[in-house]
Amino acid sequence: MNFLWLTKMAWRDSRRNRSRLFLFMSSIVLGIAALVAINSFGDNMQRDINGEAKKLLGADLVLEARQPLPDSVLAFLDSMSTAAASEVSFASMVLFPENGGSRLVQVRAIQGGFPFYGDIETTPANGRKALNQKQNALVDHTLLLQYNARPGDSIQVGNQTFYISSSVDKVPGQAGISTSIAPPVFIPMQQLDATGLLQKGSRINYKAYYKFDDKTDVDALLKEVIEPRLKKDEVQYDTVAERKQEIGDTYRNLTGFLNLVAFVALLLGCLGVASSVHIYIKDKIISVAILRCLGGKGKQGLGIYLIQIACMGLIGSVVGALLGTLIQFYLPQLFAEFLPVAVDAAVSWEAIAQGILLGMTVSILFALLPLLSIRKISPLTVLRASQENQQTDRSRYLIYGLIVLFVEGFAYLQLGKLRESLFFTGGILLAFVALAGIAQLIIWLVRKYFPVNWSYIWRQSLSNLYRPNNQTLVLVITVGLGTALIATLFFIQGMLLEKVSLSASEHQPNMVLFDIQDQQVAPIADITQQRGLPVMQEVPVVTMRLEGIKNQSVAQMKQDTTLHIPNWVLNREYRVTYRDTLADTEELTAGTWKGTVDSPQDSIFISLDKGIAEDMQVGVGDKITFNVQGALIDTYVGSLRDIDWERMQTNFLVLFPKGVLEKAPKFWVIMTRVDSAQQAASYQQAVVQQFPNVSIIDLDLILQTLDDIVSKVSFVIKFMAFFSIVTGILVLIGSVIISKYQRIQESVLLRTIGASRKQILSINAFEYFFLGSLAALTGILIALLSSWALAVFSFEVPFHPPLLPAIITYVLITLLTVLIGLSNSRSVINRPPLEVLRSEV
Amino acid sequence: MKDDAVAGPILAVKDLTKTYRSGDKPLHVLDCVNFALQKGDSCAIVGPSGSGKTTLLGLCAGLDRATTGSVILHGHPLDHLTEDQRAAVRSQYVGFVFQNFNLMPALTALENVMIPLELRGEKHVGARALDLLDKVGLADRRHHYPTQLSGGEQQRVSIARAFSNRPAILFADEPTGNLDEETGTYVEKLIFDLNREAGTTMILVTHDMELAQKTQRIIQIKGGRIAYDSLIQESVDVKE
């Protein structure tokens with residue numbers, strides 16, 4: 001039979017059912033919209049990253065080191081490049097003299113014309129040029145807002161006071177959120193010494209920026225000429241191509257993750273499609289049987305409804321794609337804080353085509369499950385309505401297989417990693433199977449332990465949970481999964497914030513002063529105590545590097561391919577303290593702790609965090625050599641410790657006994673506790689004014705910043721989860737309306753034999769109450785389990801079942817289900833039975 | 001498949017048996033039924049409810065498979081055909097009129113009549129369908145949906161549909177069972193007139209003996225067996 005006739009029949013048959021068909025397809029609209037929006041945004045971002053690649057770095061080549069870059073390299077590069085610039089950056093306190101506010105910032109002293117590409121965006125504009133004039137500073141706009149300062153005011157950095165010439169709105173290649181913890185303050189390099197902040201032991205970054213002429217192949221130059229001149233472990237470098245790759249990868253991962261969240265919404269929608277089509281096809285059994293009676297073939301029946309569903313899938317996908325294209329215009333704003341470049345929203349035809357193709361594929365794939373049964377409808381059904389096909393259709397399993405393959409394929413395309421994609425597919429399958437299992441269990445339990453003594457209304461509504469055409473399975477899965485997603489998000493967010501808040505509570509320190517020089521310890525302790533604040537800890541910190549382990553040098557170990565010691569363990573700068581006792585956050589797991597070294601000839605027994613010992617592949621008794629700013633010190637592992645890193649206090653991977661490091665260059669950390677913001681501000685001001693090199697971390701400020709970051713991240717995730725929730729609601733509405741056609745006969749019959757409106761309303765209300773309750777409780781149960789797993793295995797925070805949010809979620813979801821269910825029943829209840837039958841059937 | 005010049009009977013039913021399983025026990029709905037109809041014959045199958053009339057109709061029309069025995073419809077042994085091949089036979093040679101009309105609810109009256117023709121791949125089917133609707137007096141209701149038509153009107157559309165593919169044999173299952181007396185009489189006349197005009201063989205399943213007596217032959221089914229066949233009785237009478 002030709003395709004045209006099938007299409008004509010599909011068209012004819014759809015005329016009386018279009019609202020129902022559109023309803024099915026509304027389920028996939030939001031999923032497609034979310035995918036198209038994310039993909040369009042991803043395409044636009046990739047385009048802008050490619051277009052502004054040089055602006056992301058601001059130069060063709062950047063060298064970075066923790067110590068001044070070798071002069072030979074600098075001289076060589078200066079001769080090769082067309083322009084050069086340098087930067088010295090470090091964390092330090094700044095003070096706003098006008099209002100006394102002080103805060104930890106990232107000081108960036110710049111010399112030369114950086115950035116060579118793009119610009120530091122400022123208000124007023126062109127502020128970068130003013131930085132070349134002495135004693136001008138460019139200050140991050142959020143920092144100015146926080147301290148109620150503006151361009152024209154002053155800012156004190158160390159011993160030097162600067163004029164704030166402009167506020168910094170955006171730095172090339174830097175996402176807004178990355179400056180939250182330590183906002184940048186740019187100063188001219190020639191003023192750096194005047195600040196007096198370059199102290200020995202401070203964590204200082206040195207950078208050199210280069211611009212080459214257009215003909216220079218920077219990557220080849222780097223590989224062939226520059227790399228051999230650099231000590232690989234001490235100097236890092238970045239080129240435009242590398243930066244583009246890194247940023248591209250990062251944001252591809254982000255869009256991949258968001259795509260998966262959107263895909264979950266689409267899968268929920270597809271489940272709605274499958275369930276609605278299942279009910280729709282039940283209504284079509286007689287039509288198909290008549291067609292078969294008149295000589296139509298099974299395939300023709302299937303073809304007619306497949307075309308209908310494909311067309312609806314196409315319409316749903318096109319509407320979704322249009323909606324997604326509109327939504328993506330909002331995404332650059334939503335993600336603004338996380339983006340390194342300004343993304344211009346533009347229509348992405350590729351994303352639209354992908355979305356439409358995906359929408360059609362999934363709607364057909366999921367609709368095929370119920371559609372396949374059409375092939376088996378017997379023509380005898382026209383004579384005997386009770387004739388039912390009892391055969392099992394094996395092709396169903398093929399469709400199930402295709403669906404799983406499709407989900408896995410999509411996840412793999414998004415994640416690019418087989419293991420992760422299998423986890424995703426497995427997780428989705430597990431959630432579906434768990435929800436379906438719970439729904440079947442509920443149906444079984446209600447049947448098995450049916451409360452025969454309950455009143456008619458309760459019995460009737462309960463029995464609706466398992467009768468033919470019941471919605472238990474589909475609603476428990478869709479509403480349950482939607483609830484699980486959003487509830488997990490709320491629970492985890494709550495737990496993370498609670499954990500951070502807890503660490504700041506009670507008698508824990510909430511202010512950390514560091515970079516304190518030896519001679520500054522006593523006066524700062526005095527200032528602290530004079531203000532009635534406790535000096536809770538006074539800790540010396542010595543920086544050192546690893547020189548060798550078990551008589552093998554770091555260089556040798558790096559070449560030894562049989563060793564699997566991570567590079568960061570070998571390369572990192574170790575911040576070490578010394579004391580004679582263990583802190584209450586530490587517990588010995590091996591060896592013994594000897595707190596002092598009595599004589600210079602004695603062996604030095606240090607204590608290691610047990611995790612770093614595993615990474616170093618050492619145990620008690622093994623020799624480790626450290627390079628303490630030029631001096632080599634041989635030590636032996638005396639003990640291993642289990643450290644509670646959660647506590648707000650100084651913790652160290654490597655602990656030395658007293659009697660070794662006292663004379664080494666070091667800085668001190670002092671911890672105290674302040675009880676109010678005013679007290680914190682005045683204390684910080686006092687310390688910074690007298691000791692500008694000392695940096696202070698105000699935990700309350702960090703908490704606020706963290707709260708802000710978590711809120712921004714969770715808003716993005718909530719925005720994506722919103723698609724799942726609304727899809728869940730649409731599926732709920734769809735299922736309820738579709739089932740109306742199934743329930744009308746019964747309601748009319750009940751009314752005809754004398755049931756009151758109130759009784760029918762009560763039956764419906766209780767049924768939806770049971771359904772909503774079961775779906776919400778199942779979703780919350782899954783959310784609790786997944787929150788527990790995330791809390792324990794991923795975030796490593798204690799799990800406290802969040803009772804209040806769980807109760808609120810339960811009440812809201814149940815209420816919503818009942819309201820949607822009842823709004824649908826009203827049309828049946830408020831009209832005379834015969835009118836309902838004539839208009840609806 | 002079309003071969004109007006078939007030799008022998010249009011419908012030949014031989015040793016036809018249909019058994020269902022009811023729990024563990026077999027339920028013999030039809031038991032060794034034999035009869036044949038020639039071109040242009042009209043035959044009524046009568047019998048009490050549950051006697052197997054409708055099952056027999058379904059088997060004769062190829063809607064179901066027999067447990068044993070055979071049905072040869074217009075030269076095609078139905079028990080040897082697949083479901084799709086039986087559908088093709090129905091499309092070519094069979095027309096149906098049902099007690100509950102069985103019109104496709106989403107299609108208009110005209111489209112319902114066009115369906116059998118379209119399934120045969122015929123072209124310009126609208127004119128023939130409209131002509132048939134005109135014959136049953138519903139040309140002006142052609143764009144109405146079944147729910148917008150009365151029971152009698154729906155049955156008339158169903159009759160027009162049944163004759164649309166110029167069937168060799170018409171199966172009618174209680175065609176007046178759901179109609180009032182006056183409409184029933186009108187529909188009866190319509191079926192017999194169109195049947196006569198087209199020279200179609202007709203099998204009519206009915207409870208109504210008055211209607212049955214209007215056919216040339218009456219077969220009475222009881223307990224799944226032929227209890228009475230007027231043709232055989234007549235031949236016995238003639239011999240006697």
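This is a predicted model, in which local features need pLDDT of at least 70 and side-chain atom pairs count only at pLDDT 80 or more, while totals for chains, interfaces and linings use all residues. Residues are numbered from 1 along each chain as its sequence is written, and chains are lettered from A and ligands numbered from 1 in the order in which they are written.

In chain B, strand β4 (residues 68–73) pairs with β5(B) in the antiparallel sense over two bridges; here strands (E, at least two residues) and helices (H or I, at least four) are DSSP runs, numbered from the N terminus, and two strands pair if DSSP finds at least two bridges between them. Within this pairing, Leu73(B) stands opposite His76(B) in β5(B). Four strands of chain B, in the order β2-β1-β4-β5, form an open sheet with antiparallel pairing, and its edge strands, β2 (25–37) and β5 (76–77) of chain B, each pair on one side only.

Chain A has 25 helices and 21 strands, and of its 841 residues, 41% count as buried, which is to say that 20 or more other C-beta atoms, placed from the backbone, lie within 10 Å of the residue's own.

Where the chains meet, the contact takes 19 residues from chain A and 24 residues from chain B, two residues being in contact if their C-beta atoms, placed from the backbone, lie within 7 Å. On the side of chain A that touches chain B, α1 (3–14) and α9 (240–293) of chain A each supply at least two residues, and the largest share, four residues, comes from α9(A).

Key
Buried ≥ 20, exposed ≤ 12 C-beta atoms within 10 Å, placed from the backbone.
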